[in-house]
Amino acid sequence: MNNIEITNIGLVSPAGNTPEDVLSAAAVPPAPAKLSFPGRKELSGAAGFRCDLSEARGILGLMKMRRLGRLQVMSLLAARKTLLSAESKEGCADTGVYVGTGLGSLGETAAFLENMVEQGENFPKPASFINSVHNAVASSLALEFSLKGENITVAHREISFDAALWHALSGLRQGRVKRAVVCGADELNYYHVLAGSGKGLWKKEGEPFKPLAPENSRGTVPGEGAAVCVLSAGGHTGGNESPVKVLGVKFGRYRRDSSTYIDPREAGDFLALLMDSSGIKAAEVDLLLSGADGDSGLDSAYLGAGDELARRAGRVIPQGTYKQLCGDYRAASGFGFVLAALILRDGRIPAGLFMGRGNVVDSPVKTILLYTISRSGVHSGCVIKKG
Amino acid sequence: MKREVVVTGVGIISAAGSSAAETWQALKAGKSGLSPFSLLPSARYAGIPVGQLPAELSSLSGLERASRPDHLAVIAARQAFKQSFPGAGLPQPEKTGVILGACVGGMAESELFLQRLLLEGVQDTGLLRFHECASSAEAVAGNLGLFGPCETISTACSSGSNAICLAADMILSDEADIMFAGGTDSLSRLTVNGFGSLLLIDPEGCRPFDEERKGMSLGEGAAVLVMESGESAGRRNARVLARLSGWANTCDAYHATAPAPEGDGIQRAIRGALRNAGLSPEDIHYINAHGTATVENDRAEAAAIRSVFGEHTPPVSSTKRVFGHTFAAAGAIEAIVCILAMENQAIPPNAGLHRPDPACPVRIQRSLESADIYRAMSLSLGFGGNNNCLILESPGKNSE
């Protein structure tokens with residue numbers, strides 16, 4: 001059943017918190033900013049992408065800002081932008097919540113542990129413990145909007161959002177829910193940046209950040225964000241405009257090689273299965289939107305996958321990227337997904353998505369294939385289409 | 001005709017034993033697996049009763065470098081594999097996947113990282129390599145050579161049972177033929193201090209549904225089920241241990257930690273699972289309750305059971321005193337308890353019960369009892385009002 005529509009989207013991202021802001025940024029991507037964490041030892045040379053949450057207090061209120069962690073605030077704010085509202089006191093038992101988050105509320109976990117270590121277990125912070133569970137975002141969304149259907153959180157690295165999307169689609173297709181709220185969220189936290197610095201994961205401040213660019217070196221740039229979409233089965237509510245539909249999602253584990261992340265042929269086989277289950281052919285894909293993160297090693301895996309897709313399609317398929325807008329974070333494919341929906345609504349591919357190959361297309365875009373490779377050996381993808 | 005999902009292998013490790021057989025012995029005897037907390041240093045909680053395993057697990061798992069939940073998950077998965085595939089390999093690794101529930105991940109190492117950083121100024125980021133709870137599912141997939149879907153569900157204490165539901169969904173959607181599904185978690189200072197800070201730990205050990213209960217006992221462990229379609233099991237002549245005939249997940253949308261007092265969300269999960277299975281309440285012969293032994297949990301759960309099943313509820317027992325509350329592993333462990341109860345045609349007792357709480361008006365099973373059990377229900381609840389209900393059926397008799 002390929003009639004799952006994206007009815008609403010909302011996001012909080014380093015590229016802006018409205019669709020207009022994000023599309024503008026996508027035309028000319030901003031540079032990463034120097035990262036500073038008040039009260040923390042300075043991390044020399046660290047740059048990244050952070051969200052502006054200054055509007056959160058006015059929208060969510062002071063109480064929630066005090067009670068909730070950064071990840072919950074970002075996610076609730078993004079969800080508010082989808083125009084979700086608590087529809088009745090009884091709640092909505094046929095709306096499910098599906099969240100993908102790789103690291104969960106890292107800031108709250110760190111706050112609880114720091115306190116535990118420094119205070120010798122004497123003055124614990126129960127609120128931080130409550131917020132530290134990975135499903136804190138999913139339960140906050142359910143509470144905020146009184147959503148009583150399925151409530152699932154996937155916490156699996158870079159495929160977290162796509163796997164959550166798979167379960168949402170299944171819930172809709174099997175009729176377990178009539179509406180699905182799908183969220184991908186992760187926060188940029190001091191310890192995450194510190195850990196990455198220790199492992200040499202980040203590019204140095206001032207170093208170009210252009211995913212898929214031939215001159216790329218090793219490393220990426222940390223980021224954060226929350227992207228929310230509301231899906232429903234059929235029942236198009238978008239007026240005269242053609243709906244944007246989710247045709248299929250897939251995720252799995254690939255065979256790792258010590259020198260490459262994934263053999264291009266295996267990536268090609270995976271994408272072929274995804275397209276087959278989505279009812280499209282490779283030649284129909286107008287844009288491959290990938291999670292390439294500017295690291296030369298991972299970029300080469302994405303380029304190999306793109307070349308293999310082109311070989312099977314019999315033509316070059318433009319490969320755009322999105323992490324130059326939001327930075328690298330586990331659930332970033334949620335941002336990519338919402339960006340893809342915006343592009344399909346807008347009908348044009350922003351030039352700033354092509355940091356590497358410069359192959360901007362002029363023809364209208366109707367079908368986007370999203371693809372994500374995780375360094376841990378899992379990969380995922382989905383297909384969305386307008387009309 | 002509705003396709004069926006069956007269980008063809010189980011693996012389990014907990015403070016109650018390192019195999020299904022040992023686990024059943026402990027369950028039969030109502031034997032508590034709790035012992036004084038000594039696994040991790042804790043000035044405040046040393047000695048509280050917990051369900052803990054030996055500190056060294058690598059000799060059992062065969063993994064050299066892994067987090068504690070990874071070791072536990074691989075041990076359980078190997079047992080399940082051995083039972084389901086005796087002397088044979090996987091038929092199609094690309095169509096075989098793994099979904100595990102996990103909450104804690106390599107938290108013990110992360111705690112050590114912070115302690116060394118904050119107290120000694122030493123920055124050993126290598127300790128964070130297993131921080132993410134995703135590593136356990138990947139360890140199982142890597143160890144068994146699985147190349148199908150691989151993911152981690154983290155819905156707090158209902159993670160393991162949600163993983164089982166979602167695995168069934170993947171099988172019915174033809175995304176996979178066979179799924180290794182379950183949960184794993186270890187003790188950590190975060191969880192001990194966290195539940196302690198909420199005043200939810202009973203210093204005398206948990207006493208589910210008891211009038212004087214004061215909270216939970218924490219534990220650690222892993223349980224993995226091999227699940228597949230009936231056709232897949234038939235093709236390879238696998239022995240079917242149970243059918244997963246119904247399941248449902250709901251959310252209370254009531255409070256971040258406390259369950260809705262009348263168990264509204266739990267009721268909906270039970271009714272949803274019964275509907276999914278095409279069964280009536282009277283078809284259920286045993287309920288393994290989440291039964292954490294917190295005042296609110298047990299009351300809400302009992303209210304929900306009573307609301308669906310009426311005055312004459314099936315026998316109910318919580319087995320948390322046997323294992324401790326093993327978080328993400330709990331739902332999978334208790335699904336296996338249901339399978340063992342059906343295999344052995346006996347209802348495991350509610351260990352730790354002295355005087356049933358009249359505010360929990362359900363039929364609590366006080367001692368081991370032989371009974372005709374062909375359909376068992378397992379309930380799991382988690383933070384955020386996350387509710388799960390599984391219904392398992394014995395393949396041995398198509399009973400009425």
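Trainee: How many residues of domain 1 of chain B are in contact with domain 2 of chain B?
Mentor: Happy to start there, and keep in mind that this is a predicted model. Chain B is divided into domain 1 (5-235) and domain 2 (246-393), with 20 Å between the two centres, taken over C-alpha atoms. On the domain 2 side 54 residues take part, and on the domain 1 side the number is 61 residues.

Trainee: Which element gives the largest share of the side of domain 1 of chain B that touches domain 2 of chain B?
Mentor: Several elements of chain B give two or more residues to that side, among them β1 (5-14), α1 (20-29) and β4 (96-102). The residues there divide into 30 nonpolar, 22 polar and 9 charged. The largest share is 8 residues, and it comes from α6(B).

Trainee: Why can α6(B) be called largely enclosed by the rest of the structure?
Mentor: A residue counts as buried if 20 or more other C-beta atoms lie within 10 Å of its own. Helix α6(B) is largely enclosed because its buried residues number 13 of the 14.

Trainee: How far apart are the end C-alpha atoms of helix α6 of chain B?
Mentor: Let's work out what to expect for residues 159-172. At 1.5 Å a residue, the 14 residues should span 20 Å. After the helix comes D174(B), with a positive phi near 65°. The expected span agrees with the distance between the end C-alpha atoms, which is 20 Å.

Trainee: How confident is the predictor about chain B, as an average pLDDT?
Mentor: For the model, ipTM is 0.97 and pTM is 0.97. In chain B, 98% of the residues score at least 70, and the average pLDDT is 96.

Trainee: Over to chain A: what is its radius of gyration?
Mentor: Chain A has 13 helices and 12 strands, and its C-alpha atoms fill a box of roughly 65 × 50 × 35 Å along the principal axes. Buried residues make up 60% of its 387 residues. A compact globule with 387 residues would have a radius of gyration near 21 Å, which agrees with the value for chain A, 20 Å.

Trainee: Which element gives the largest share of the side of domain 1 of chain A that touches domain 2 of chain A?
Mentor: The assignment for chain A gives domain 1 (4-233) and domain 2 (246-386), and 58 residues of domain 1 are in contact with 48 residues of domain 2. Elements that give two or more residues to the domain 1 side include β1 (4-12), α1 (19-27) and α8 (160-173) of chain A. With 7 residues, the largest share comes from α8(A).

Trainee: How do the residues on that side of domain 1 of chain A divide into nonpolar, polar and charged?
Mentor: The centres of the two domains of chain A are separated by 22 Å, taken over C-alpha atoms. The residues of the domain 1 side that touches domain 2 divide into 36 nonpolar, 14 polar and 8 charged.

Trainee: Which elements of chain A do the buried residues of α11(A) pack against?
Mentor: The 18 residues of α11 (residues 296-313) of chain A should span 26 Å at 1.5 Å a residue, and the end C-alpha atoms are 25 Å apart, which agrees. Just after the helix, G314(A) takes a positive phi of about 80°. Its buried residues include L298(A), Y302(A) and L309(A). The buried residues of α11(A) pack against α10 (264-278), β9 (287-290), β10 (319-321) and β11 (367-373) of chain A.

How values were computed: Residues are numbered from 1 along each chain as its sequence is written. Chains are lettered from A and ligands numbered from 1 in the order in which they are written. This is a predicted model: local features need pLDDT of at least 70, side-chain atom pairs count only at pLDDT 80 or more; totals for chains, interfaces and linings use all residues. Helices (H or I, at least four residues) and strands (E, at least two) are DSSP runs, numbered from the N terminus. The expected span of a helix is 1.5 Å times one less than its number of residues. A residue is buried if 20 or more other C-beta atoms lie within 10 Å of its own, exposed if 12 or fewer, and partly exposed in between; C-beta atoms are placed from the backbone. Two residues are in contact if their C-beta atoms, placed from the backbone, lie within 7 Å. The radius of gyration is taken over C-alpha atoms; the globule rule is 2.2 Å times the number of residues to the power 0.38. Domain bounds come from an automatic or database domain assignment. Ala, Val, Leu, Ile, Met, Phe, Trp, Tyr, Cys and Pro count as nonpolar, Asp, Glu, Lys and Arg as charged, and the others, Gly among them, as polar. pLDDT is the predictor's confidence in each residue, from 0 to 100.
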